[in-house]
Amino acid sequence: MEQQTKTSGRPLGAALKPRQLTMMGLGSAIGAGLFIGSGAGIQAAGPAVLISYLVAGTLIILVMWALGEMAAANPDSGAFSVYTAKAYGPVAGATVGWLWWLQLVVVIAAEALGAAGLLATIFPALPVWLMAFVFIVALTAVNLTSVKNFGEFEFWFALLKVAAIVGFLLVGAALLFGWLPGVQSPGLSNFTGAGFAPSGFAGIATALFVVAFAFGGTEIVSVAAAETAEPARSVKKAVRTVLWRILVFYIGSIFIIAAVVPVGSAGLKSPFAAVLDAAGMPGAATAITLVAVAALLSALNANLYGASRMAFSLAERGEAPRLLASVSKARVPVVAVLASVAFGVVTVVLELAFPEKVLPVLLNIVGSTCLLVWTSALMAQLSLRLRADREGTELPLRMPGFPWLTGFGLLILAAIFTVGFIGEDSRPQLLSTFGLVALLAAANWLHHRGGRNIASRVEASDGDKQPVLID
């Protein structure tokens, strides 16, 4: 019998399977940021970008452990928003929830246009605007049917990305070891020629700020955990099996790219294709482009799911219009899905009407949101774990090395924020995001203050009423 997540009214379903959640956690971190954007980190730091990826990878492992601990103990579609509210109050929780929702709905538009633009490089006759809307409509339909269908789509999307990475690692290893006939191995000359860290510590720090965003999206696992049949067991399996694989895939891929493609090469614009071209693989650019399209569509699908569940949770807690908590017979928050995708559609229309004037501004405002969400997750886990230990509460999954590893994760985040504020290119993005946080916090504070005032007036009115005396 299909289980249901805890809600008031008609609950969400719980049809996601452990394999789907595990693959979702793995696939959510393997996106276009790795397939296409990884060259930017190498350009900034050279082969020493490996250090940046190790630091960022360590951070995301700590964040996933923290989220896994809280999600196993309290599976909820609001995830880190709910946990932040439990730890620091409803205003903080609602602010984090709305911040994440805004990030996702803006990114939905970027992913639809990005996937359409990439596909247009292979099929130039297809209009970008038409493909973008086809992608949005198709994946909205997937999200409206049932969570089981969403999970199955994400499973196969993620499997495709994982297969592409595994194939790339095999080809790259064969290239470096000189096992490919007629192709000379580049060896490790890129690590010794211009130097392992040609830009020094500054380059590594700059790359750290860039590559941290490559791991964005992993927090979706804590949201999806609420719709699995056995949340505690599913989350434990997902956390324990995904973490080391993420590091192997990322570090392995970046090591091969840094060894094959020199700093300053034009190939860093599409680093995976550059490596496959060096290996003499025909059609490499087309293959990687198609994988990148699949990665973007997978992210669009997952982000629409995450945005709708966060909107549903906010509505359930009285932090959003109650209509967003409406659930269909298939246990899907239909209004929340449509409201989330509507924002993305409007953004796509505006971006197509005013190219490079709408989407870049919105992305700049929400660009650092994932860093703040990770910060809230670690801070919430720190508070809730201390509370649980104090009260002697048993937890299904316990983050190891607490509280030192939680503190270490917060130190890494502080370092990333520091680097971001120092950099002239990244400072405006951080300031814009912090400005958005301040506006959301103020709006949520006013919302709660207004609610308290209304409640106190109702109580006072009831107290003033005189009892009716009956003879």
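Student: How many helices and strands does the protein chain have?

Tutor: Helices (H or I, at least four residues) and strands (E, at least two) are DSSP runs, numbered from the N terminus. In this predicted model, the protein chain has 19 helices and two strands.

Student: What is the radius of gyration of the protein chain, and how does one read it?

Tutor: The radius of gyration is taken over C-alpha atoms, and the globule rule is 2.2 Å times the number of residues to the power 0.38. Here the radius is 23 Å, close to the 23 Å that the rule gives for 471 residues, so the chain is as compact as a globular protein of that length. The C-alpha trace spans about 110 × 50 × 50 Å along its principal axes.

Student: Which conventions apply to the model?

Tutor: Residues are numbered from 1 along each chain as its sequence is written, and side-chain values use heavy atoms, with hydrogens and water left out. Because the model is predicted, local features need pLDDT of at least 70 and side-chain atom pairs count only at pLDDT 80 or more, while totals for chains, interfaces and linings use all residues.

Student: What does pLDDT say about the protein chain?

Tutor: pLDDT is the predictor's confidence in each residue, from 0 to 100. The protein chain averages 84, and 91% of the residues score at least 70. Over residues 1–10 the pLDDT stays under 50, and the model has 28 contacts (heavy atoms within 4.5 Å) beyond four places in sequence for them. Where pLDDT is low, the predicted coordinates should not be read in detail.

Student: What percentage of the residues in the protein chain is buried?

Tutor: Buried means under 20% relative accessible area, exposed over 50%, and partly exposed in between (1.4 Å probe, protein chains only). Buried residues make up 52% of the 471 residues.

Student: Is helix α13 largely enclosed or largely open, and why?

Tutor: Helix α13 covers residues 271–278, and six of its eight residues are buried, so the helix is largely enclosed by the rest of the structure. The buried residues are P271, F272, A273, A274, V275 and L276. Just after α13, G280 takes a positive phi of about 75°.

Student: Where is S340 found, and which residues does it touch?

Tutor: S340 is found in helix α15, residues 334–353. With 0% relative accessibility, S340 counts as buried. Leaving aside residues up to four places away in sequence, S340 touches W101, V105, L304, A307 and S308.
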